[in-house]
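Look at the fold as a whole before reading on. The paragraphs below go through helices, loops and pockets in turn.

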Amino acid sequence: MNATLPPPAPVQQLHHYAYRARDAEETRHFYEDILGLPLYHIIQSDYVPSTGEYCPYTHFFFRLQDGSFIAFFDLGDDVAAEPSPNTPKWVNHISFRVNTVQELENTKARLQAHGIEVLGVTDHHIFKSIYFFDPNGIRLELTAQLADEFQMLQESKTAHARLAEWNARKEQWRKERASGQTSAPLKPQSNDRPEFVPSSS
């Protein structure tokens with residue numbers, strides 16, 4: 001590594017995550033009126049500052065309690081973003097934290113009262129979650145943390161070793177796939193959720 005390079009800047013928090021919205025008002029109603037995230041900022045332009053291309057847009061931001069945002073672009077054409085064709089719908093999502101499991105239950109009831117389908121409460125052991133989709137087809141998760149700082153610190157001490165083991169097994173799997181020895185996807189070396197494994201009986 002080049003010793004003259006400056007160190008990485010400390011990343012303080014998420015500033016915003018941006019998605020395409022089919023309709024700004026439909027999206028505002030969902031995030032502000034139902035989820036309670038206040039509309040906080042709007043940027044409108046005909047040209048994209050980062051690329052210079054002509055593409056009229058309204059860019060609008062909803063604020064979370066920690067000062068970060070989830071943001072959207074309404075491109076003025078009533079077109080929704082298309083889902084990724086090679087990725088299951090449950091993979092790409094954004095998760096917001098709430099303080100308690102009771103708040104999770106309250107939000108579930110609120111969403112269902114507005115006709116929104118909710119999955120969960122799902123127990124992930126270190127946190128509990130509910131899952132649902134926004135009007136733009138974005139999968140959202142609300143999470144109530146169960147594990148404390150000490151438990152999460154203990155988890156962090158094995159994360160690199162576990163990922164390194166996965167990477168080594170994946171390299172071997174690539175060789176086997178290239179030689180025609182396997183066509184199945186690689187499975188993890190351990191199962192952290194044994195309660196979901198079907199019994200053989």
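Predicted model: local features only at pLDDT ≥ 70, side-chain atom pairs only at ≥ 80, totals over all residues.

Residues are numbered from 1 along each chain as its sequence is written, and side-chain values use heavy atoms, with hydrogens and water left out.

Helix H1 covers residues 24–34. Helices (H or I, at least four residues) and strands (E, at least two) are DSSP runs, numbered from the N terminus. In H1, the residues Thr-27, Arg-28, Phe-30, Tyr-31 and Ile-34 are buried; buried means under 20% relative accessible area, exposed over 50%, and partly exposed in between, with a 1.4 Å probe and protein chains only. At the start of H1, a side-chain oxygen of Asp-23 comes to within 3.3 Å of the backbone nitrogen of Glu-25.

Helix H3 holds 30 residues, 149–178. At 1.5 Å a residue it should span 44 Å, and its end C-alpha atoms are 43 Å apart, which agrees; the expected span is 1.5 Å times one less than the number of residues. H3 has a kink of about 35 degrees centred on Thr-158, where the bend at a residue is the angle between axes fitted to the seven residues ending there and the seven starting there. At the start of H3, a side-chain oxygen of Asp-148 reaches to within 3.2 Å of the backbone nitrogen of Phe-150. Just after H3, Gly-180 has a positive phi of about 80 degrees. Gln-172 is in helix H3 and counts as partly exposed, because its relative accessibility is 42%. From C-alpha to C-alpha, Gln-172 lies 47 Å from Gly-115, and the two are 57 residues apart in sequence.

Now to the loops. Asp-78, in the loop between S4 and S5, has a phi near 60 degrees, a positive value in a residue other than glycine. Asp-78 counts as exposed because its relative accessibility is 51%. His-125 sits in the loop between strand S6 (119–123) and S7; its phi is near 75 degrees, again positive in a residue other than glycine. With a relative accessible area of 44%, His-125 is partly exposed. Asn-136 is in the loop between strand S7 (127–133) and strand S8 (139–145), and is buried, with a relative accessible area of 8%.

The pockets come last. On a 1 Å grid over the protein atoms alone, a pocket is an open set of points where a 1.4 Å probe fits, with protein on both sides within 12 Å along at least five of seven lines; lining residues have an atom within 4 Å of a point. The largest pocket has a volume of about 640 Å³, a volume being the space filled by probe spheres set on the points. Its lining has 23 residues, and Leu-37, Leu-64, Gln-65, Phe-96 and Arg-97 lie nearest its centre. Strand S4 (69–74), strand S5 (93–98) and helix H2 (101–113) each give two or more residues to this lining. S5 supplies the largest share, five residues. The second largest pocket holds about 380 Å³ of space.

Key: Polar contact = N/O pair within 3.5 Å; in protein donor to acceptor, adjacent residues only side chain to side chain.
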